[in-house]
Every structure is written in structure tokens, then in C-alpha cells.
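Please read this note with the structure open beside you.

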Amino acid sequence: MAPLSCGAREHPRSSAVTRSVRVRFAPSPTGMLHIGGARTALFNWAYARRHGGQFLLRIEDTDPERSTREYERAILEGLRWLGLDWDEGPDVGGPHGPYRQSERFERYRVVARELLDSGRAYLCFCSAERLDEVRKGQEERKERIAYDRRCMALDPAQAKARVDAGEKAVVRFKTPAGQTRFLDHIRGDVSFENAEVDDWVMLRSDGSPTYNFCVVVDDVDMRISHVFRGEEHLVNTPKQVLLYRALGFDAPEFGHLPLMLGSDGKKLSKRTGDTALQDYRDAGYPRDAVVNFLCLQGWALDGATEVFGVKELVERFEIKDVQKAGAIFDLDKFRWLAGEYVRRMTPEALSDACAPFVVAANLASADELAARRAWFVEAVKSEQARIHVYSELPPRIAYLFQPDDAVVWADDALAAVRKHANAAQTVRDYREWLAPRIERGIDAADLRESSKKWAQEKGLKLPAFFQPVRLALCGVVQGADMFDVMALLGPEHVLARLERGAARLAS
RNA sequence: GGCCCCAUCGUCUAGCCCGGCCUAGGACACCAGGUUUUCAUCCUGGCGACAGGGGUUCAAAUCCCCUUGGGGUCACCA
């Protein structure tokens, strides 16, 4: 049988899609959904939606030690949060299930038996100790590190008898001679010498299957047409292609996505930043900003448009347009993009999104915020231009929730105010002037004009007026429009804070 | 170290596959200026890259080769 794509020279095109598109995302539930995994899922999903195909979810939980249902739930929840939906999966079922590898072990055993019977695989009785020795020797001699095939020479019938008698053995794939090449939709023609491919383990001595084996069996059973995954899997591909061939199937088409890298240029790890999607969700990155940013890691809509959504992604996504080189995760740009989304939201929507963060910061209860919704929306509006992620809001509006006699003054703010002569007197005078004017409520626009005029008539430079007053009201000297702040605070609190502030400045 | 992949501003990228329109475009960051009571937003401008070397060609960021650099991977993990 000829290698699937041998001789094909040109870069694969979208027109190469001849069979129905079925792609999958196959996470291992051994941790939270990784941000890179989220992008892999997003691109697979986009490809399916773009080509009218199916997107399926498969749980790779062959390692019982590390896999948990908790993580599985969290991963599904993360994908849903991103707005991805799947046509087949462990929760929704489908015609090619089960979609959890732990529920497919019998299937793997059957396939392994077939491979053993057809001579494409063999039993290996080598102990872990011997394997270590072999490896060590190869390392010392600077040889290629691989199984030395000692058990390949065993008579299959005798080997089977030993296993039947209870002896432990693994099943190894018998890598044929030759060369394996495949067409990668992102990288083009990729080839490996089979001599470089190890006789890898398909079934462990306890009968459980390994990753490369399950993936192929499942992808065949689930009629997967395209496999788009991270570049770290590129070296697994020849093993898998060879297995497809041994099984008598055509391999699917591949596409290896560039890695998402940390600031150190290495594969994103916990060392270099938050790697779990959940971390960004917890920090209050808008959902659509996360999706948008993930798109930008390795792909571009048109080279000019930075802010766009899934609609544009699905309309324009081409796997061949994905960048080959790894992308360093740029938190600055991510934050900027999040800010773009925050700014485009309606104040009402932003308030709803921020409310849980305000509650979590213990500024107010959810009920309190709901009861004063109009007010809260105004408070959020006052900071909308200043925040990038939801969690940045609470500290910025904390002053609104503090008691009038316990407004926290920032050190640098106090220092700035101290530079103005008679700051305490200014606050006192302003309070006196202000009191009768806000008895019936605060009109921010009106007050803005009249207060500036008052300051000018008093011969005060504007900062000498604004900074002390703002310090008394908010505890800082920069931030939202001061008259909007006063409207938010209300006459009583404004007057109380000005009085306290003047006294505190005088002492 | 073996094998595989990759290489455009500090970063994300457009252009590359199908050489000329590229005195290489956009965005983030940074710097400067404007707007603002301040901060932020917003607006204007600036800085800044085809890793190096050979080919091929009338012409190369674009095609080929080498070097260098970076990454991935070398499990009875996935």
C-alpha cells in the first residue's frame, strides 16, 4: 500500500476536502482546560462549522491515576463558556460512542489481538529494569534511544502461551522498514525515517492501552477526517500513520498547530503565567475577548482587523493560513483586547458582568447591588474607560462603599495634596459653599461649571482645588470625573466626607 | 545528543504557497504631542523587522542550498 500522500508536493488546499468533515477535540481530564487546548478546540470547532462538518469531543482518560471526572466536567464547562458546541461527545452521546476512552478498553483489546494475529505487533516480556539498561547503554554510546527489539524474535505462539500462563507482557507495534510521509495542512510535506520510530507500546502489561494506540483506533471508529492538534504531537504522527496503514485504513488529514509559548519562548507552562482558561475567566476577561485573542494566536483575519468574533472566524478560517511558528503569549495585548470589549459593552451588561466580582470583593451583597441597580450601573459607567477586566473594577469603586469616616487615603494622594497650601481650608470653604447648593440633589453638569467658577474666583489653581476635594471624597487624586463621583455619593456623604477630610488634613 | 518542526518590528501578525504593486502594512508595548481638573478613554505623530551567507532570476521578504538561532520530542504520560 502506497503511503497516503506520497508524491503530493503542493500545499494542501481547502478544496482537498473530499469526505465529510469530522474533527474532534480530545482532552485528557488530568487538569484544567489549558489555554492552548482551548485554542486547539476553537480552531477545530471553527473548521467544522466552516465546512458544515461535525465537531466531536472525546475524553482521553486512559490514565486512571491522573484522570478525574471533576476535571472532565471542568473542561466541558470551559468549552461551553467559550461558546463551543459539539455534535457528539461523552455528555450528548452519538452514533460512534462511547466517547470516553476508559469505556472503550474492550475495543482496544480486540484491535490489539488482530494486530498480534496479523503479525503487525508482538508481545514483549522485557522488564522495566532491562529497558532502563538498554536505554542507558544507548545513551552512553550516543545511539538512538529505542527498544532493541529483543522480543520481536520470539515465536508468536510460544509468546502467547506464556501470556496465557499468566506472564506479564506488553504489546509493541512492529514498525516496518521504510519512510513515512504525510501532508500536513499547516506544514506541508513532512517525512520521517521509520528506523527512527520506536517499536512503541500499544498495550501495557496490565492490558491498558496507550495514547497513540487509542487515538488511532478511536479516530478510525469515529470517522475522523482531520486531526488538528498541537505541534508537540508532530512526532507522534508517523507512529499513528503507520498504525492506520497496519489496520488497513487511510490516515486522516493532519494539521499541527504552532505552540503557544510563554514569555521565555518555551512551551507555555505554569512557570511563565496562567495556563488554565479558568484563570482568565476568574480574572474577569470578557468571554468574547478570550475567544478573539485565541484566534489571534497563530491566525489573523485579514492582517488589519484585530477585534472580531466567532462569526468572522467561521466565515474566514482556513487551516492553511495558520502560522507555522510558535506564538509567545502576549499578556499586554490580551489585556488591551479585553479593554476593547469592556468599552464596547453597554453599561448595563458590564454591570451584570462585574457584579459577581464586586460581591466577591466584599463591597456589597448581590441583593444590595440588585436593589440599587440604576446606581450601580452609573458607578460602573464612571469607570468603564479605565478597566480592562472585570476584576479591576472593585478596587476602583471601593471608595463608594466605605464608611464616610473610614475612607482609605492613598499615600501618594496625600503627598500630592500636601503640596498645596491651605488644602484643609479649601475643602472647608468649598463645603460651606456647596452645602446649600446640593440640598435638593446633585446635578453633575451644573456643579462642574459652578464649582470651577468658584475655584477661579477664590484664586485657586484647578489642581489646588480638585486634588484636596477628591482626596476627601475618594482617597485618591485621580479617577473618574469628580462631579460624577459626587452624584454617586449623594449630598449627605459628600458633605460628611468633606468635613472629615478637612479635619483630617488640618491635623 | 538523535530525529522533527520553525525563522518578518521587543510581542501578535499581513505579505510568502501563485517572485515585481514592499522606500515591508496593521495591532500591542514604548516615546512625544493634543483633549481632560486628574487618571483612563480618545486623536495625531514617532521609534522599530525580512537571522546570516550563498545561489536561481532582468527582478527575492517571497524559490533553492548552507550556516546560525529557537522550539518540540525522545515513557508500560497524554
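**Notes on the predicted model**

1. A polar contact of 3.2 Å joins the side chains of H233 and Y211. A polar contact is a pair of N or O atoms within 3.5 Å; within protein, one must be able to donate a hydrogen and the other to accept it, and residues adjacent in sequence count only if both atoms are side-chain atoms. H233 sits in the loop between β8 (226–230) and α7 (237–247). Helices (H or I, at least four residues) and strands (E, at least two) are DSSP runs, numbered from the N terminus. Apart from neighbours within four places in sequence, H233 is in contact with Y211 and H256. Contact means heavy atoms within 4.5 Å.

2. This is a predicted model, where local features need pLDDT of at least 70, side-chain atom pairs count only at pLDDT 80 or more, and totals for chains, interfaces and linings use all residues. Residues are numbered from 1 along each chain as its sequence is written, chains are lettered from A and ligands numbered from 1 in the order in which they are written, and side-chain values use heavy atoms, with hydrogens and water left out.

3. Now the confidence. pLDDT is the predictor's confidence in each residue, from 0 to 100. Chain A has a mean pLDDT of 93, and 96% of its residues reach 70 or more. Over residues 1–17, pLDDT stays under 50. Where pLDDT is low, the predicted coordinates should not be read in detail. For the complex, the predictor gives an ipTM of 0.96 and a pTM of 0.93.

4. Sugar and phosphate make up 71% of the RNA strand B atoms that come within 4 Å of the protein.

5. Look at single atoms next. A polar side-chain atom of K266 lies 2.5 Å from a phosphate oxygen of RNA strand B. For A385, a polar backbone atom is 2.3 Å from a sugar or linking oxygen of RNA strand B.

6. Which element gives the most to the surface near RNA strand B? The answer is α11, with five residues.

How values were computed. Near = heavy atom within 4 Å.
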